[in-house]
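Trainee: I have not looked at this one before. Can you walk me through it, starting with the aromatic rings?

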Amino acid sequence: MPKVHTFPRGHEAMGGPPTTSLHYQSVIADAVTGVPPGDARGEPGAEPGAVAEGFFDLANADVVRYAVGGDDELVVEQDQSLHDSCGGIVWESAFCLAQLLQRDGGKRVRGKRVVELGAGAGLLGMSAAKLGAENVLLTDHPSAMPLLRRNVARNFPNPDDADDTDTARVSCLPLDWLDANHLSAVLGTFPKQGRGFDVALAADVVFAKHLVSPMLACVAAAMSRARDPRRATAYVCLQERCAEAFDEFKRVARTVCGSFTELEKKDVAFVDDACFVFELRGFEPSEPSEPTTLKKEKKSARRGSGSKEKKGKKEKKEKKEKKGKKGKTPKSCDAKDAFAETGVFAKRKRARVA
């Protein structure tokens, strides 16, 4: 049985109604043979049914505790009622990537500026901060911000400079991948210190095909403004929640960076084999004023007058097609709807394994 702890009353004033908590390392240790509680290195010998049940219990806990960086611990409030974005719980992919960061003692993030997309409850990005990242910016859909900010305030109390992202170790900003204003604010996170992020983190962010390109455009924009874009690295951990979106991610990701690699399972060494970790490197540098584009769009712009002529013909064709549709316009992308659909999918999946 997983260990259940009483949630300290002192946190309730900040985080609302949570009353009980589960400790990740204790829950997983109960489901895995040969690994003592709190061991963040390898997790061999997992029994699939027990592991699935463990993650189900963690997802339904009011609070998740997570040991990171030796003796440190994160206290992460969850909100299962946050239907708009499924950002209310810590998913398996976030644990997977956090464990990967711990495996080498935090070398992937130590001393670096980190941005997380789709941060949800914030466990992954906060783990990076505990492992020695210079600065961490956590981003997610606006509907996820209240919970995310509470968790950051709980684990990194810093009232004097909480609104100053140049000095705050951990901060939050809303980022709807379809909102240019949100992205501009994220890209301007360090106005006093020049160029931006060295590492991007993202867990369980692929669930709808139409949101894959906008998400990767945000990653590319952040990495292209790194202190050294060609060495900047994005780590994306996914489960195949939607086959079409998963394939689209692998296709588009190859166009936004010079190197796209899926890490081998033996190197990831996570208890859930359904988690895939991808490493993206070799981003093209850009100036802060340059608009966000995918790599293939940049290449098209450099082809010269020939491509402009083709573009003109394409635009004429599109105008004719629009007229034929008698004023009909395509349904707009709504990140909230996609998140909600994923939540239903995930709950059904969890119900089956339970």
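Trainee: How many aromatic pairs does a search of the whole structure find?

Mentor: The model is a predicted one, and the search turns up twelve aromatic pairs in it.

Trainee: Take Y24 and Y66. How is that pair described?

Mentor: It counts as tilted, with 5.5 Å centre to centre and 55 degrees between the planes.

Trainee: Where do Y24 and Y66 sit in the chain?

Mentor: Y24 belongs to helix α2 (residues 24–31) and Y66 to strand β3 (residues 63–68). They are 42 residues apart, so the pair links distant parts of the chain.

Trainee: Is Y24 buried or exposed? And Y66, buried or exposed?

Mentor: Y24 is buried, at 0% relative accessible area. Y66 is buried too, and its value is 0%.

Trainee: What about Y66 and F95?

Mentor: Those two form another tilted pair, at 6.1 Å between centres and 45 degrees between planes. This pair also links distant parts of the chain, since F95 is in helix α4 and lies 29 residues from Y66 in strand β3. F95 has a relative accessible area of 1%, which makes it buried.

Trainee: Which residues do ring pairs link into a cluster?

Mentor: Y24, F55, Y66, F95 and F270.

Trainee: Now the nonpolar cores. How many residues has the largest one, and which have the most contacts inside it?

Mentor: The largest nonpolar core has 53 residues. Those with the most contacts inside it are Y24, F55, F95, L138, L201 and F270. Helix α4 (residues 92–103) supplies the largest share of this core, seven residues.

Trainee: Next, helix α7. Which of its residues are buried?

Mentor: In α7 (residues 180–187), H182, L183 and V186 are buried. Seen down the helix axis they fall within an arc of 95 degrees, so they line one face of α7.

Trainee: What do the buried residues of α7 pack against?

Mentor: Strands β5 (113–117), β6 (135–140) and β7 (170–174), and helix α8 (212–224). The face of α7 turned away from the buried side carries A180 and N181, which are exposed.

Trainee: What caps the N-terminal end of α7?

Mentor: D179 does, with a side-chain oxygen 2.9 Å from the backbone nitrogen of N181.

Trainee: Last one. How many helices and strands are in the chain?

Mentor: There are 13 helices and eleven strands. The chain has 354 residues, and 50% of them are buried.

Key
Residues are numbered from 1 along each chain as its sequence is written. This is a predicted model: local features need pLDDT of at least 70, side-chain atom pairs count only at pLDDT 80 or more; totals for chains, interfaces and linings use all residues. Side-chain values use heavy atoms; hydrogens and water are left out. Helices (H or I, at least four residues) and strands (E, at least two) are DSSP runs, numbered from the N terminus. Buried means under 20% relative accessible area, exposed over 50%, partly exposed in between (1.4 Å probe, protein chains only). A nonpolar core is a set of buried Ala, Val, Leu, Ile, Met, Phe, Trp, Tyr and Cys residues joined through side-chain atoms within 4.5 Å. The arc is that of the directions from the helix axis to the C-beta atoms. Contact means heavy atoms within 4.5 Å. A polar contact is a pair of N or O atoms within 3.5 Å; within protein, one must be able to donate a hydrogen and the other to accept it, and residues adjacent in sequence count only if both atoms are side-chain atoms. Rings of Phe, Tyr and Trp (its six-membered ring) pair if their centres lie within 6.5 Å; planes under 30 degrees apart count as stacked, over 60 as edge-to-face and the rest as tilted.
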